[in-house]
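Keep the picture open while you read.

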Amino acid sequence: MLVLIALHFVVALSAPFAARAFGRRVLLLGAAVSGVTFAWLLLRTGDVLNGEVLSEQLVWVGDIGLKLSVRLDGFGLMMALLVSGIGVLVFLYATAYMPREKNGRFCGYLIAFAGSMLGLVLSNNLLGLFVFWELTTITSYLLIGWEDTLESARSAAWRALIVTGAGGLAMLAGFILIGQAAGTYELSAITEAPPGGVAVAVGVGLVLLGAFTKSAQFPFQGWLPDAMAAPTPVSAYLHSATMVKAGIVLLARFAAPFSDLDFWQPVVIGIGLTTMLIGGVRALQQTDLKRLLAFGTVSQLGFMTTLFGVGTSEAIAAGVAVIFAHSLFKAGLFMVAGAVDHEAGTRDLRELTGLRHRMPVTFWVATICAASMAAIPPLLGFLSKELAYDELLHSGDWGIVALAGIIAGSAITLAYSVRFVWGAFWDKTPSGAPSAARVPEPTAAHEPGLGLLGPPALLAALSLLFGLWPEPAAALTGAAAEALDQVAEVHLTLWNGLTLPLVLSLVTIALGVGLIALARTSILGGREFEPRFAPDAGYRVFVDGLGVSARYVSAAVQNGSLPVYLGVILVTAVALPSAALLSTDGLGIDTSRAGSGIQIAVCALVIVAALGTTLARRRFVAVMLLGAVGYGIGTLFIIQGGPDLALTQFVVETVGVIGFMLVLRHLPQEFVRRRHRPTKVLRAAVAIIVGVFVTLFALVAFTARGAVPISDYFIENAESLGGGKNIVNVIVVDFRGLDTLGEISVVTVAVLGIVSLVFAVRRGRGGDPDAPVTELARDDVAEPAPSEAP
């Protein structure tokens, strides 16, 4: 399994190069990778259905429990089959749909997206799951913003990244709380023996927040319709089996062990029903076929969330069946919308008419998929929804509440399903109102080729086949439900007699037909509504407010004053460690005296030089005194028996003094004279506080060590392992060679930045290096003060 996941990323990296040789056919590489995964899963299906669980793991960071641990149980098998199986169809569809340009990069993104989702549904480690979760966030950002020349695509990608990324961080915090309480981050161990306590309850709440953002639940649903800026193959994949199902996967895994928490049912059911109703109503307001389906996806995700919110074994079984059915019909519908757009040149249902005559096969494929979404017998969507009704009737009071809301939402689902088929294929007048008297000329289009029509036709056929012959689907979804809850069972049958669930299904259909009859002109006429209140308006307000607040904060803290910047850094560096320092029981300061009078004399000179630096009026004098401080420290190293360390100190100090000298020729000779007394007092206070803190911290640090110092290891192994007798050099270039490399990199970047600033200033002076500096650093560079004393 780990090899299959890695294969996705290896092929994703090679796809841009392969595109040079294969052109648009490079997308067949993605189909091949998903096909290999699908075939491997099929070979393991029998074993998993018989109760076997396959697992693999690769320890990544063992000290914190981070492992790439994957587990193929019944639920993981179902989700992996959907990810890989629909992935094959999406790649085949994309081969015919996408233009020839930049297919290598697109293919790489899409394969990486598929690999990320495959890793997510199979992951058995919470921290590893988070890694794959964020990979889906990043790859979906790249795919949604594929048309990067369009502002709408960039905005949609950015919005998806912000919402799902923020939710992912909340989820990570929840994972840590749960994992620490359980003593393990292995998901299977946590679900088998769920921990308890306040920390776990908070952790579960944070996990729910992450799931709600990823699966577009209220009030985070706005990013998903905007994601329609992505190419249709991405939309079909994202909405059916991948990213939006990630949050549902998490809810499914957590439902059985944590649904007994007090807040689980009211929160999850409430959010789910709200999302289902809002998504359904918004779908009825759309004229773009893809946006109509996108809001329909929001509604269906609310349906699934509600089922897992009930949390009983019966509701979990129904939720699994709905996931399976939804993946088939929703992928097919998006592919149909893309085929219509590809052949007719538009997705606006107000501009489409009579396509059932021009594209009869596409029309019947769309009708079957839409009928499955609307839960019309004998399709799989009907069987799964009837199962949901049956199971909710046996799920207590919350089950009845959920059932009432789902019936209302399902009636709306039927209405927007009819709106999709009517709007895309039926005969309409130019104004959009249906009319039997005047039938306009059908929109110019023709039946798409096999590449665009074959994948959705296969999905429609599966929806019909599993409706008439539900045993294979029942076996797969039954194993998936049992993996989530050992007592859960899935019973998918087309005819159970005249039962209450069947009656409720007929009532739902009647309500949907009645809704269409009451609002026929609006639903079937192609009118576009502007809601009085857009539920995603909060996001717009948040983003606008964030921009305004950022400008005010930047103006306050980035005011161009170098002393202010330095003061903030120093105060922060003091304030944070001081809390730990002051909370220590007894500072344990080593009060041993100096070893010799020479040490006292050198320290006195260092102190005098430091004080002189702060009091100096001329920059040259200050640099010389600052250099004296460094040389004094080097002298102390010699007295203590560290000539090699002293030599390093002398070299660094010399280079620093030379650097200062090179800069001084471009600066005024004297510092700015401060006449504002409060400013002087504030600077002095900051300096004293920092000095006292650093001194105390150093004294405490010398006596706080409880373990054997690492320096003993360096001394013992410098020559044998490092091949050198100079311990400092061996540490710098061998034991801590990577640290040294990082420090060199930082210095190099700083030097490049300084050089860039120098050139920028020279250009601002018109190329004259001796021109005076006027606006380099407002608080430190100014005209020399008058010579008279204050």
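**From the inside out**

The largest cavity holds about 60 Å³ of space. A cavity here is a set of points, on a 1 Å grid over the protein atoms alone, where a 1.4 Å probe fits but cannot get out. Its volume is the space filled by probe spheres set on the points. This is a predicted model, where local features need pLDDT of at least 70, side-chain atom pairs count only at pLDDT 80 or more, and totals for chains, interfaces and linings use all residues. Residues are numbered from 1 along each chain as its sequence is written, and side-chain values use heavy atoms, leaving out hydrogens and water.

Which helix gives the largest share of the lining of the largest cavity? That's α14, with 4 residues. (Lining residues have an atom within 4 Å of a point; helices are DSSP runs of H or I, at least four residues, numbered from the N terminus.) Among the lining residues are Phe-303, His-326 and Lys-385.

Now hop to Ala-402, in helix α18 (residues 396-425). Ala-402 is buried, with a relative accessible area of 0%, where buried means under 20% with a 1.4 Å probe, counting protein chains only. Beyond its neighbours within four places in sequence, Ala-402 is in contact (heavy atoms within 4.5 Å) with residues including Ile-269 and Thr-306. Ala-402 and Thr-306 are 96 residues apart in sequence, yet 6.6 Å apart in space, C-alpha to C-alpha.

Last stop: Leu-500, in helix α21 (residues 500-518). Leu-500 is partly exposed, with a relative accessible area of 48%; partly exposed covers the range between buried and exposed, the latter being over 50%.

Technical notes: Helix = DSSP H or I, 4+ residues; strand = E, 2+ residues; numbered from the N terminus. 1 Å grid on protein atoms, 1.4 Å probe; cavity = no way out; pocket = protein on both sides within 12 Å on 5 of 7 lines; lining within 4 Å.
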